[in-house]
Amino acid sequence: MAEETIFSKIIRKEIPSEIAYQDDLVTAFRDINPQAPTHILIVPNKVIPTVSDVSCEDEAALGRMFSVAARLAEEEGLSGDGYRLIVNCRDHGGQEVYHLHMHLLGGRPLGPMLARRQ
Ligand code: AMP
């Protein structure tokens, strides 16, 4: 059984957060340290630590994450100009919280995908 993180407490509403969407498979809430005018995290309700831990039985939740991202992007007024979805994985990906999550970022031009090498 994978270890819980603070995100499980958010999903169960045991600690405060600004929840934007919740259903039986996924929860979406605003990032506490927003990097863009819209910065929402979309997470499976089940603890899946990283992308490397995904299995076939998680496909419904992962698919739902995308449909919820599209729905929230529309609600946030991002669909026309576009937005970015990011999933970080482990150390080199810069993952800080080991409960798989998708960042939905938008509301301004987001620049290049990666910091350029010097
Ligand atoms: P990552 O670096 O991809 O693991 O992203 C983790 C994200 O979780 C960061 O953007 C944090 O700002 C965000 N975060 C951490 N704790 C909370 C919290 N309690 N509520 C909302 N967002 C959080």
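This is a predicted model: local features need pLDDT of at least 70, side-chain atom pairs count only at pLDDT 80 or more; totals for chains, interfaces and linings use all residues.
Q: Which element gives the most residues to the shell around the ligand?
A: The shell consists of 16 residues, and Asp31, Asn88, Glu96, His101 and His103 are the closest. Two or more residues come from helix 1 (6-11) and from strand 2 (26-30). With three residues, the element that gives the most is helix 1.

Q: How far is an oxygen atom of the ligand from an N or O atom in the side chain of histidine 101?
A: A polar contact requires a pair of N or O atoms within 3.5 Å. A polar side-chain atom of asparagine 88 lies 2.9 Å from an oxygen atom of the ligand. For the side chain of histidine 101, the distance is 2.8 Å.

Q: In which pocket does the ligand sit, and how much space lies there?
A: The ligand sits in the largest pocket. Among the 22 residues that line this pocket, Phe7, Asp31, Ile32, Leu41 and Val97 are the closest to its centre. The space in the largest pocket is about 490 Å³.

Q: Which strand supplies the largest share of the lining of the second largest pocket?
A: The second largest pocket holds about 320 Å³ of space, and its lining has 14 residues. Strand 4 (83-86) and strand 5 (102-106) each supply at least two of the lining residues. The largest share, three residues, comes from strand 4.

Definitions and conventions:
Residues are numbered from 1 along each chain as its sequence is written. Side-chain values use heavy atoms; hydrogens and water are left out. A residue is near a molecule or strand if one of its heavy atoms lies within 4 Å of it. A polar contact is a pair of N or O atoms within 3.5 Å; within protein, one must be able to donate a hydrogen and the other to accept it, and residues adjacent in sequence count only if both atoms are side-chain atoms. On a 1 Å grid over the protein atoms alone, a cavity is a set of points where a 1.4 Å probe fits but cannot get out, and a pocket is an open set with protein on both sides within 12 Å along at least five of seven lines; lining residues have an atom within 4 Å of a point. A molecule sits in a cavity or pocket if more than half of its atoms lie within 2 Å of its grid points. Helices (H or I, at least four residues) and strands (E, at least two) are DSSP runs, numbered from the N terminus. Grid points are joined across faces, edges and corners, and a volume is the space filled by probe spheres set on the points.
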